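Opening the notebook on this one.

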Amino acid sequence: MEIRHLYESQQLTPRRLSALMTRADELKELSRKGPRNLPQTLDRYIMASLFYEPSTRTRFSHEAAMIRLGGEVIGTENAAQFSSAKKGESLADTVRVMGRQGGLLGYEDIVVVRHTEEGEIKKASEVSSIPIINAGDGPGQHPTQALLDVYTLQSEFGKIEGLNVAMVGDLKNGRTVKSLCYLLGKFNDINITFVSPDWLAMSPNIKAYLKRHEINYRETAEFEDVLQSHDAIYMTRIQREREQGISDEEFQRAEDMFAITKDNLPLVPSESRILHPLPHLHELQIPYEAEETDRRIAYFRQANNGLYARMALLEWSLMQGPFEK
Amino acid sequence: MEIRHLYESQQLTPRRLSALMTRADELKELSRKGPRNLPQTLDRYIMASLFYEPSTRTRFSHEAAMIRLGGEVIGTENAAQFSSAKKGESLADTVRVMGRQGGLLGYEDIVVVRHTEEGEIKKASEVSSIPIINAGDGPGQHPTQALLDVYTLQSEFGKIEGLNVAMVGDLKNGRTVKSLCYLLGKFNDINITFVSPDWLAMSPNIKAYLKRHEINYRETAEFEDVLQSHDAIYMTRIQREREQGISDEEFQRAEDMFAITKDNLPLVPSESRILHPLPHLHELQIPYEAEETDRRIAYFRQANNGLYARMALLEWSLMQGPFEK
Amino acid sequence: MEIRHLYESQQLTPRRLSALMTRADELKELSRKGPRNLPQTLDRYIMASLFYEPSTRTRFSHEAAMIRLGGEVIGTENAAQFSSAKKGESLADTVRVMGRQGGLLGYEDIVVVRHTEEGEIKKASEVSSIPIINAGDGPGQHPTQALLDVYTLQSEFGKIEGLNVAMVGDLKNGRTVKSLCYLLGKFNDINITFVSPDWLAMSPNIKAYLKRHEINYRETAEFEDVLQSHDAIYMTRIQREREQGISDEEFQRAEDMFAITKDNLPLVPSESRILHPLPHLHELQIPYEAEETDRRIAYFRQANNGLYARMALLEWSLMQGPFEK
């Protein structure tokens, strides 16, 4: 029996994505009547939540998805400093111990990992007896974020194909935009616009991937034009902590240049949507009132979609497919 | 529908307090037959436990209250260092993401927060779609502690009105005594005695509040007199970490001066009660034997009351009042 | 009613051990049909998981044991730095607050502790109203590890008496080998061989204990001989962090000298077993293929046994003996 890992967004085929989004929609509808209306499909399953890097939002979202479907969680929010990582054990060995042994249950039934090293999670999945979900691996990928991002596009526009998507900010270090590109590469008739300072441009290997998949993309720094002409504007935070040798002034200039504020927000058409993986800083300076009432602001709905997309993903990994039989 | 936050003890009216204490008493009685005898009123609800400052006791007490009534917990014990707080996000934004979106369930259904900044929790409650409970906000308040303190007075004396209460130790930095004063201000015929070194005296705005609410208070350093003449003696730890420019000798002198030891314990009348929010250090030097058998020592019962008071509070916040309909 | 603590492995009599291992075997068999086939004997009980020192494996194993039997967990993975330990409270006082008060339920029903100070856990057990399990106390003991180690010997060999056991590596600082010696001391006809550099030799008081219990032991540095002539070879990691004044070269030499590699693995007879408390480093350099298929490699089964041994232990502590009446 195949073990259903998710280590990179390329694994999500349009067919699988479609099944996951359909299930997410079902669960979303059930949730309207409160937490007791959700099916307890993951009852008695245990998820290990291994975070080698901090993340409240991503961790809480996965844990809530597990718990709302009846599952249990055992976690560490500081795996790097306090776990046996300190003693030099590889993630692969950590996961081997946690998983099944022969026909016997292990400590956990599924593992969600955020790691500092690109590729470590994929490597661990090769030896793991239970499914591993990548919740971000250093400068690598963040495939569950890509899943919820595409689910948000589907929810907001009723389709994915044919959309014009702008990605703005730190395209060099952002694993969310990287994973989103890999996923959008699987759809037809997508146009992508990359908007960033030169020194934070999208990496050549992603651009090569898009070319191979016949996705149109272009690069520009004309932010105001972009705001007026895209279905989705995917904003990201400039990750100062990942860049060396850039002055504070230069950071500041880039942050000011690629920010949505109350001044340029009116440029965005009413049918367009502003997305952001959150947490946001200077790149979004939108008044509270607008955030609460303006339909163009989609990022809180997007974060909420993460809960339902991850519910569907956990079911798919753990149950070998109630909706795929 | 009103969202039932608790950010400061002034929100707890005598009528609401009375309902909470009655419910806490019911739950306490049910608990005598073991954990399986408690009603699972919070089944399927999820509490976020966000601690930006360390606290095992307060955190465990809230989490146990939630779990004993059937609820679930997702938490971080180090929100400040490891959560997206590092990336500069406000508590308000953190909580907005966690809460409900439109009619949809969010990651959690209620949030318990300990924060480093006074007022941040109240601010977050203004934008939150789910209830927020203040578990201590820097030098600000600690209203659930005040709730359990008053509940302890009620349990030990059968009443709150008419009591003489001494508060001893670090009155300047102690948020528990501050919150307790705000709460006692709502009752009649209370006498408060503040006992501390000058440099740790109760703040003027609390004294002004008490005056407005016609609560008698006085200040003294005559600790032995106080021990002999009060119903409740509320001891607190001197928070060295919050005071600059005080010598070790001066700290030591204050700690020795305002401590209950086996020598002055006999001064306390048999109907009086010694309270303490715990953990205690030098200010309580009472032999283990006495702690276990002497009815005057109320602080372990007080800590235990926290469990039941918080159960009642969580029910009130989450269930919109099974006992208030 | 006796409170069933486990603070040192000497408390585990052969009769009690045998009952625990029988129950572990039952639970193991039940687990073959998945997590929903396990009895929910610990339903509604809460375990406090207090880790003053890092340990993912031991913590996860205890927490999984609790949860797989229907129990709940409230934990801290960094008790030393973030709990009220910082404010100077003793473990004994921490545990007193958590436990029962009079006939009333406390925050938790059982406490699992890993502590930095030898003896602190035993001290806390003397005042605790709920059971305490020692999950490692500094250079002291690790009795649940000894329990699972002996359970592994029983599972692999069908018996414990009559076995020749080699313990290899850091015998001075390793609490697992110490606890295992105390436990093996209760059985007949055991032969123990200690293999280590001089400066990491087994401590005299353990050797004295073995003498008193008429256990044969000897010390040697002839690792190759040992590999060829023992039923069980119990490998341990050299704990560099616990030794001062040893050069890197000396550490390296010791690690090379007492390591199992693909070169000396063939010396181990086919009926012998290699154990290790994990995580492992240089002392085990066995190819992945062999680890997966070679029956002599027992350490992943050993780690898995920890889950079932701890389930049986938690039941015994919490339920006052479903299998001992």
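This is a predicted model: local features need pLDDT of at least 70, side-chain atom pairs count only at pLDDT 80 or more; totals for chains, interfaces and linings use all residues.

**Salt bridges**

I started with B:Arg296, which forms a salt bridge with B:Asp294, the closest N and O atoms being 2.7 Å apart. My rule for a salt bridge is a side-chain nitrogen of Lys or Arg within 4 Å of a carboxyl oxygen of Asp or Glu. Both B:Arg296 and B:Asp294 are buried; here buried means under 20% relative accessible area, exposed over 50%, and partly exposed in between, with a 1.4 Å probe and protein chains only.

Residues are numbered from 1 along each chain as its sequence is written, chains are lettered from A and ligands numbered from 1 in the order in which they are written, and side-chain values use heavy atoms, with hydrogens and water left out.

Back to the pairs. I counted 66 salt bridges over all chains. In chain A, A:Glu2 pairs with A:Arg4 in a salt bridge, with 3.6 Å between the closest N and O atoms. A:Glu2 is partly exposed at 47% relative accessible area, while A:Arg4 is buried at 10%. C:Glu241 is partly exposed at 49%, and C:Arg237 is buried at 12%. I also noted a network of salt bridges that links A:Asp93, A:Arg96, C:Glu291 and C:Glu292.

**B:Asp170**

B:Asp170 is buried but has no salt bridge, and B:Arg242, the nearest side chain of opposite charge, is 6.8 Å away. For charge, I count Lys and Arg as positive and Asp and Glu as negative, leaving out His and the chain ends. B:Asp170 sits in the loop between strand S5 (164–168) and helix H7 (175–184) of chain B; helices (H or I, at least four residues) and strands (E, at least two) are DSSP runs, numbered from the N terminus.

What does the side chain of B:Asp170 reach? I get the backbone nitrogen of B:Gln239, at 2.9 Å. Beyond neighbours within four places in sequence, the contacts of B:Asp170 include B:Val177, B:Leu200 and B:Thr236, contact being heavy atoms within 4.5 Å.

**Symmetry**

I laid chain A on chain B: RMSD 0.0 Å, a turn of 120 degrees and a shift of 0.0 Å along the axis. The two copies are thus related as by a three-fold rotation axis. In chain A, A:Glu77 has the C-alpha nearest the axis, 5.0 Å from it.

**C:Thr144 and the cysteines**

C:Thr144 lies in helix H6 (residues 143–157) of chain C and is buried, at 0% relative accessible area. C:Thr144 and C:Ala309 are 165 residues apart in sequence, yet 8.0 Å apart in space, C-alpha to C-alpha. Among the residues in contact with C:Thr144 are C:Leu6, C:His62 and C:Arg310.

A:Cys181 is buried at 0%, and C:Cys181 is buried at 0%.

Key. Copies are superposed by least squares on the C-alpha atoms of residues with pLDDT of at least 70 in both. A polar contact is a pair of N or O atoms within 3.5 Å; within protein, one must be able to donate a hydrogen and the other to accept it, and residues adjacent in sequence count only if both atoms are side-chain atoms.
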